Amino acid sequence: MDKLVIEGGKPLSGTIAIQGAKNAALPILAASMLVCGTVTIDSVPKLLDIEVMLNILRELGCKADHIGDTVVLDTTLAHSPHVPETLMRQMRSSIFLMGPLLARFGEVHVYQPGGCAIGERKIDLHLTGLQALGATITESGNRIICKADKLIGADVNLSFPSVGATENIMMAAVLAEGRTTISNAAREPEIQDLQNYLNAMGARIIGAGTDTITIEGVESLSSCRYKVIPDRIVTGTLMVAAAATRGHVVLQNTNPAHVSSLIHVLRRAGVQITADGDIIKVNSVARPKAIERIVTSPYPAFPTDLQSLVMVLLTLADGVSIMKETIFEGRFKHVGELSRMGADIRVDMNAAFIRGVPRLYGATVEATDLRAGAALVVAGLAAQGRTIVEQVHHIDRGYDQIEQMLSRLGARISRYTPVPDDRAVPNG
Ligand SMILES: CC(=O)N[C@H]1[C@@H](OP(=O)(O)OP(=O)(O)OC[C@H]2O[C@@H](n3ccc(=O)[nH]c3=O)[C@H](O)[C@@H]2O)O[C@H](CO)[C@@H](O)[C@@H]1O
Ligand SMILES: C=C(OP(=O)(O)O)C(=O)O
């Protein structure tokens, strides 16, 4: 397993362009199964999760090439509604294929994506949404078979604004007969991006970005070329990294509106932020101020995916901060690792009480999931001494070569890949 080795204590500085959004690209790739033809998707980051999605699509009979940050996908010869269990289990986002495969083939065979380090992550809302459109669902062990001779538009009221369920129902409804309305829909920017992509192929969807999405079913979709939005969580990661190292960075290819809750939080901590067009500048010179209370909630509130990252900044703040996690029950795994670096954090149920310390110290720590891992990297950049982050494959799910991105901003960070005889070699 790869490791990242970080020599901390150097302020980040420089200019960098943000990669396309993982959480937009994954449903967009899955949605491509709704068209019979070739689509070209730009700004698709090179990530483990994207690789798994492309491998699943190839297994279903598609041709897929990922050259630079462009994916060319030909779905013409797709023939199978069966997602293999081994690939299904490699990534939770494989569940996005349910809606599109059901719409295309009249059936889909998948497996429970299973629990995950950050929580149980049920899929009941995905399944009841598809049932409302006329699907019958049979579950046997981990296997889920979903069938519908014909999907028919319906009113679906989500009991919680689940991002994935909203997307799956949207995708299934595109080719259904009649109108589907999703109420209490999730409002994340990635859902708007999915709407824009589907509409570019000829779908008739309005309302994404609000809590009511209406889909008028169409007969078929046609090929298109589409560019994925910038990744707001990678944007946020670099904003926090600049703040925690008291650095100065310029981020290009961002959408400042998509990180407005983070901008608000960082300004309260005393970090200087300016946004102009698609550029965000972050400047931090002083010790951050503590923030009385931050609560993670669905968009447009503060995102759970940035909770661990902002917590790193708060470990260095002057005073006590409280971070409450309301979306995933297992998303404080970074706390133990940060404590090993000198952070003073107490967890009580879903709240973390963070007493700021003057500095963190380098240590060997383990990434337990994607954003917990990214947070440990940021902690390592800010810490005094050397930090080794293990289990880097979690981080590779969502960041395109994080060590190269951070090196371009002056960070001292290298990746080590173990060789069979246990000697580690640096590779960048
Ligand atoms: C690929 C992708 O876009 N991932 C994002 C997506 O995940 P994902 O789509 O899995 O997140 P959801 O919004 O569905 O999940 C939020 C909460 O709803 C619960 N739930 C969800 C579905 C369901 O059928 N039943 C149920 O109980 C989950 O267990 C969780 O507690 O949104 C999350 C919340 O913003 C982000 O952290 C993830 O980065
Ligand atoms: C939780 C995340 O992703 P996923 O839903 O793919 O696990 C994330 O991007 O932080």
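A residue is called buried here if 20 or more other C-beta atoms lie within 10 Å of its own, exposed if 12 or fewer, and partly exposed in between, with C-beta atoms placed from the backbone. By that criterion C116 is partly exposed, because 14 other C-beta atoms lie within 10 Å. This is a predicted model, in which local features need pLDDT of at least 70 and side-chain atom pairs count only at pLDDT 80 or more, while totals for chains, interfaces and linings use all residues. Residues are numbered from 1 along each chain as its sequence is written, and chains are lettered from A and ligands numbered from 1 in the order in which they are written.

The confidence scores come next. The mean pLDDT (the predictor's confidence in each residue, from 0 to 100) is 96 for the protein, and 98% of its residues reach 70 or more. The model has an ipTM of 0.99 and a pTM of 0.97.

The protein is divided into domain 1 (3–18 + 230–426) and domain 2 (22–227), with bounds that come from an automatic or database domain assignment. Taken over C-alpha atoms, the centres of domain 1 and domain 2 are 30 Å apart. Contact between two residues requires that their C-beta atoms, placed from the backbone, lie within 7 Å; in these terms, 18 residues of domain 1 meet 14 residues of domain 2. On the side of domain 1 that touches domain 2 there are four nonpolar, five polar and nine charged residues. For these classes, Ala, Val, Leu, Ile, Met, Phe, Trp, Tyr, Cys and Pro count as nonpolar, Asp, Glu, Lys and Arg as charged, and the others, Gly among them, as polar.

The two ligands may now be considered. A residue belongs to the surroundings of a ligand if its C-beta atom, placed from the backbone, lies within 6 Å of the molecule. Around ligand 1 there are 23 residues, of which N23, L125, S162, V163 and G164 come nearest. The elements that give two or more residues to this shell are α1 (22–31), α5 (124–132) and α6 (163–173); helices (H or I, at least four residues) and strands (E, at least two) are DSSP runs, numbered from the N terminus. The shell around ligand 1 comprises 10 nonpolar, seven polar and six charged residues, and at least three residues come from each of domain 1 and domain 2.

Ligand 2 is surrounded by N23, R92, S93, I118, D305, L370, R371 and G398. Two of these residues are nonpolar, three polar and three charged. Why does ligand 2 lie between the domains? Domain 1 and domain 2 both give residues to its shell, so ligand 2 lies between them.

Several positions carry UniProt annotations, which are given in the numbering used here with shortened feature names and may be inferred rather than shown by experiment. The unreviewed UniProt entry marks C116 as "active site". C116 is in the loop between β6 (107–111) and α5 and, beyond neighbours within four places in sequence, is in contact with R92 and R121. The unreviewed entry also assigns "binding site" to R92, D305 and I327. R92 is situated in the loop between α3 (85–90) and α4, and contacts P113, C116 and R121 when neighbours within four places in sequence are left aside. R92 counts as partly exposed because it has 19 C-beta neighbours inside 10 Å. I327 lies in the loop between β18 (320–324) and α11 (334–340). I327 is likewise partly exposed, with 19 C-beta neighbours inside 10 Å, and touches T296 and T304, not counting residues up to four places away in sequence.

In α1, 10 of 10 residues are buried; N23 is among them. The cover over the buried residues of α1 includes β3 (38–42), α2 (48–59), β5 (70–74), α4 (98–105), α6 and α7 (189–200). Helix α10 (residues 307–315) is largely enclosed by the rest of the structure, because nine of its nine residues are buried.

V377, in helix α12 (residues 370–382), is buried, with 26 other C-beta atoms within 10 Å. Not counting residues up to four places away in sequence, V377 touches L4, I6, V389, I395 and I402. N157, in strand β9 (residues 155–157), is partly exposed, with 13 other C-beta atoms within 10 Å. N157 and T181 are 24 residues apart in sequence, and their C-alpha atoms are 8.1 Å apart in space.
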